[in-house]
Amino acid sequence: MEQVAAFTDTYLPTVNGVTYTIASWRDRWERAGGRMDVVYPGADGHRPGDGEHPVGSLPFPFYDGFRLGTPKIPTAVRDAEVVHAHTPFSIGLGGLRLARDRDIPLVASYHTPTSEYAAYVSPTDSIASLVGRVSEAYERWFFGRADAVLAPSAATRDHLTEEVGIDTPVEVVPNGIDTERFQPVETDDFLDRHDLRGDRPLIGYTGRHGYEKRLSELVAAAAEMDVTLVFGGDGPARDGLEAQVEELGADARFLGFLDRDEMAAFYSALDVFAFPSPVETQGLVALEANACGTPVVGANAGALSNTIVDGETGYHYESGDVEDFRDAIRRTLAEREQLREACLARRDAVSVEHAIEKLRDVYDSIR
């Protein structure tokens, strides 16, 4: 098994899809006898363990929870056989430099559609358009220097090749989920702890409460239904969502950040997981919900167009169409039991073990 040096701009204590993917890949890679060190922005709240190498960093002013790290190459990773950059920015440049200096392969994962987030960090549409164009030009430059680029879904691969214009071979390698952790579990304690018992179906979401997630569409859809909304997580849009809930009279509970050990119970307790974000590169939380037997209703946009299989793991709705969102939730509730069985039948196909097999194939093909 190869010695891999992973370079990332987001890592613990921040909890998100990228952090989760790197941690789970590293665990499975090292279980199989390999080594995967991680270079990441140092931050309070996480004490580095063996193979974790924090570098100096500063807070990123436009996106809460992210930090800008220096493109430093720790001495401990200089004997790597493969460099894996999980970001084209900042620390990812250190990975690019190490690959060049040592003449070893560089693999780059595409986790975030930078140009699509431009609108949320730009004050005007014209500035957002400029930021988007500059971001795509930079991505072409960085990913063009990799030996292989990994995309977590077919939709993301198509975005890279057709819209960003990357010439490097792009392989679809799903991030995979931990099916040891995410499986149907008993929910009585969770329901009691969060006072969620009742006759209404539970419709939930967990993750970053960012404006780009379009969670206001979920509140608007649920306000006209006899359901209880359950939000896990937090973020800058939360205050606005709570105000919208009060204005529309929706029944909603905001649980805040949940411990990782509670997540299987959260998903298992829901009747439907709702995911209105149109900017996902895979949508790991949708797959986590499915692995717990909970169907997903999500936007027919971005990677969710692939992640959700209509009639098997849930249903799509047209992004921005609140009535269509509402109809898809009702249909999913009506077919809840059939969809649950189909979700559970797909657990192995979306596991992190399956992802690691594909990752190993990519590493082997470029050495």
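Strand β1 (residues 3-7) and strand β2 (residues 35-41) run parallel and are joined by five bridges, where strands are DSSP runs of E of at least two residues and helices are DSSP runs of H or I of at least four residues, numbered from the N terminus. Within this pairing, Ala-5 has Asp-37 of β2 as its bridge partner. This is a predicted model, in which local features need pLDDT of at least 70, side-chain atom pairs count only at pLDDT 80 or more, and totals for chains, interfaces and linings use all residues. Residues are numbered from 1 along each chain as its sequence is written, and side-chain values use heavy atoms, with hydrogens and water left out.

The open sheet has seven strands with parallel pairing, in the order β3-β2-β1-β6-β7-β8-β9, and two strands count as paired if DSSP finds at least two bridges between them. Because β3 (52-55) and β9 (170-172) stand at the edges with a single partner strand each, one side of each is left without a neighbour in the sheet.

## The six-stranded sheet

Another open sheet is formed by six strands, in the order β12-β11-β10-β13-β14-β15, and its pairing is parallel. Here β12 (252-256) and β15 (314-317) stand at the edges, each with a single partner strand, so one side of each lacks a neighbour in the sheet.

Five bridges join β10 (residues 202-206) to β11 (residues 228-232), which run parallel, and Gly-232 in β11 is the bridge partner of Thr-206.
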